[in-house]
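The sequence and the structure are shown below.

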Amino acid sequence: MTEHQTDHAVMEESLELLGDRYDGMAAELFDRFIAGHPQYAHAFVNPEAARERMTRETLEAMVGLAADEPWVDHAVTNFIDLHHDYADFTPQDYAAWFALVIETMASRAGADWPDGASAAWQRQADPLVAKVAAVERNKEVPLRT
Ligand code: HEM
């Protein structure tokens with residue numbers, strides 16, 4: 001990372017350097033996330049169908065925020081509503097997911113991961129978690145317990 005590189009630029013660069021090592025990451029993430037949150041294991045009824053989309057949309061939300069894309073707020077509202085269909089997750093759960101995604105990309109890329117890349121990703125994750133915490137719950141969706 002050069003001195004004047006934006007978060008968006010270093011994130012894009014880090015994805016390029018990750019390259020093929022992205023393959024299989026969604027499966028690894030889901031296995032690790034579910035193992036770390038056994039209380040939610042019941043909610044993952046079809047992980048093979050969901051994990052690629054969930055991983056990709058997580059990365060898109062962070063890259064989109066770094067690029068100041070206007071659709072990001074909407075995307076957060078949409079995935080929060082979507083997830084009310086599965087269980088009642090907390091902002092801390094989202095923070096743990098983002099952290100796991102960032103840590104897993106860094107460890108897969110190894111020495112190729114640019115200096116400062118994890119911090120650049122984390123600077124998007126933090127405000128996204130704040131948005132998750134601020135989204136008004138869709139009251140038409142009954143609480144699942
Ligand atoms: C930025 C964060 C996240 C995004 C963008 C995201 C996105 C998605 C998407 C697109 C799906 C697939 C829906 C479908 O196929 O119709 C999904 C499924 C799911 N997500 Fe997330 N997700 C996020 C975080 C989380 C977190 C933190 C949890 C748990 C605490 C979670 C739990 C689930 C569950 C249980 C499913 C259904 C899985 C299944 O059917 O087996 N997600 N998510």
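Which helices each supply at least two residues of the shell around the ligand? They are α3, α4 and α5. Helices here are DSSP runs (H or I, at least four residues; strands are E, at least two), numbered from the N terminus.

The model is predicted: local features need pLDDT of at least 70, side-chain atom pairs count only at pLDDT 80 or more, and totals for chains, interfaces and linings use all residues. Residue numbers start from 1 along each chain as its sequence is written.

**Ligand shell.** The shell comprises 21 residues, of which Ala-43, Ala-50, Met-54, Asp-93 and Trp-97 come nearest to the ligand. A residue is near a molecule if its C-beta atom, placed from the backbone, lies within 6 Å of it. Helix α3 gives the most to this shell, with 8 residues. By class, the shell holds 15 nonpolar, 3 polar and 3 charged residues. Nonpolar covers Ala, Val, Leu, Ile, Met, Phe, Trp, Tyr, Cys and Pro; charged covers Asp, Glu, Lys and Arg; the others, Gly among them, are polar.

| Pair | Angle | Axis separation |
|---|---|---|
| α5 (residues 91-109) and α6 (residues 117-134) | about 165 degrees | 9 Å apart |
| α2 (residues 25-36) and α5 | roughly 130 degrees | within 10 Å |

Helix α5 is therefore roughly antiparallel to α6. Angles over 145 degrees count as roughly antiparallel, under 35 as roughly parallel, 65 to 115 as roughly perpendicular and the rest as oblique. The crossing of α5 and α6 is right-handed, the near helix being turned clockwise from the far one by less than a right angle. Residues making the contact include Tyr-94, Phe-98 and Ile-102 of α5 and Trp-121, Leu-128 and Val-132 of α6; contact requires C-beta atoms, placed from the backbone, within 7 Å. This contact has 12 nonpolar, 2 polar and no charged residues.

Helices α2 and α5 are oblique to each other, and their crossing is right-handed. Met-25, Glu-28, Leu-29, Arg-32 and Phe-33 of α2 meet Trp-97, Leu-100, Val-101, Thr-104 and Arg-108 of α5. By class, that contact has 6 nonpolar, 1 polar and 3 charged residues.

**Loop residue.** Asp-68 lies in the loop between α3 (47-66) and α4 (72-83). Asp-68 and His-8 are 60 residues apart in sequence, with their C-alpha atoms 9.2 Å apart.

Technical notes: Axes fitted to C-alpha atoms, helices over the stretch in contact; angles between N-to-C directions. Contact = placed C-beta atoms within 7 Å.
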